[in-house]
Amino acid sequence: MLSLFRPIQWTYSLVRHLGIVDVRWLLHAPSKHLSPTDRPRGYEIRCVPMGELAELIRAGRVDRRVGDYRRLENVDRRLVAAFQGSRIVSFVWIANQTLPGVDNPNRSPHLATSIELPDGASFVYNAWTDPSHRGRRLVAALLRWALRNGVGGSWSLATMIDWTDEGACQAFDRIGLKKLGLVIRVGCGPLQFSLLPASAQSVGLRVGGDAPGVKLAS
């Protein structure tokens, strides 16, 4: 099976660069099903307010992948970060209520996928750890800290991962998030086809509501 799977991955990776297809796993778990994770020693975990993030970006104390600090003007967005000294070495962006597709892209912005969440649910739409700090389960610690402290809600957690990113899928599986199904987006502009997991509705998630073209549930 693995020998057949690899060529499919390679073909997808090639076609994905053409900007006409995007395939991601939708992962979800009630917070009570998430694995307990202790904070690794030597790190401080906390939410980062907009003014502090702007200063950290100006001072070069956070990787550019953190994005625009003005996202924190939205009251439904939170940045939870792990600090070592005065530098952010790992972070997760968490959204509540509605995450428009433009804020949840993968490789092709026009195939980005919106998410609408029930009250008390959180969606992780950006996670990163400095390479020199990987292997210490910092993202898991950040998510557990966020849920324990009621950051944006404490009922459930969801995210989307490129289906070929086996490392990320395994990392979130260890945390306790399970696959609800594949989100498949194909096309360009208004000529799009979306195959969305019907199981998302059972946990209160509305996926791809702002996607143009034909939408089918599987």
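This is a predicted model: local features need pLDDT of at least 70, side-chain atom pairs count only at pLDDT 80 or more; totals for chains, interfaces and linings use all residues.
Residues are numbered from 1 along each chain as its sequence is written. Local features need pLDDT of at least 70, side-chain atom pairs count only at pLDDT 80 or more, and totals for chains, interfaces and linings use all residues; side-chain values use heavy atoms, with hydrogens and water left out.

Colleague: Is strand β8 largely enclosed or exposed?

Modeller: Strands are DSSP runs of E, at least two residues, and helices are runs of H or I, at least four, numbered from the N terminus. Buried means under 20% relative accessible area, exposed over 50%, partly exposed in between (1.4 Å probe, protein chains only). Seven of the seven residues of β8 (residues 156-162) are buried, so the strand is largely enclosed by the rest of the structure.

Colleague: Which residue of β8 is the bridge partner of Ser 122?

Modeller: Two strands pair if DSSP finds at least two bridges between them. Four bridges join β7 (residues 121-129) to β8, and these strands run parallel. In β8, the partner of Ser 122 is Leu 157.

Colleague: In the open sheet of three strands, which are the edge strands?

Modeller: The order is β5-β6-β11, with antiparallel pairing. Pairing on one side only marks the edge strands, β5 (98-99) and β11 (206-207).

Colleague: What is the bridge partner of Thr 98 in β6?

Modeller: Two bridges join β5 to β6 (residues 115-116), running antiparallel. In β6, Thr 98 is partnered by Glu 116.
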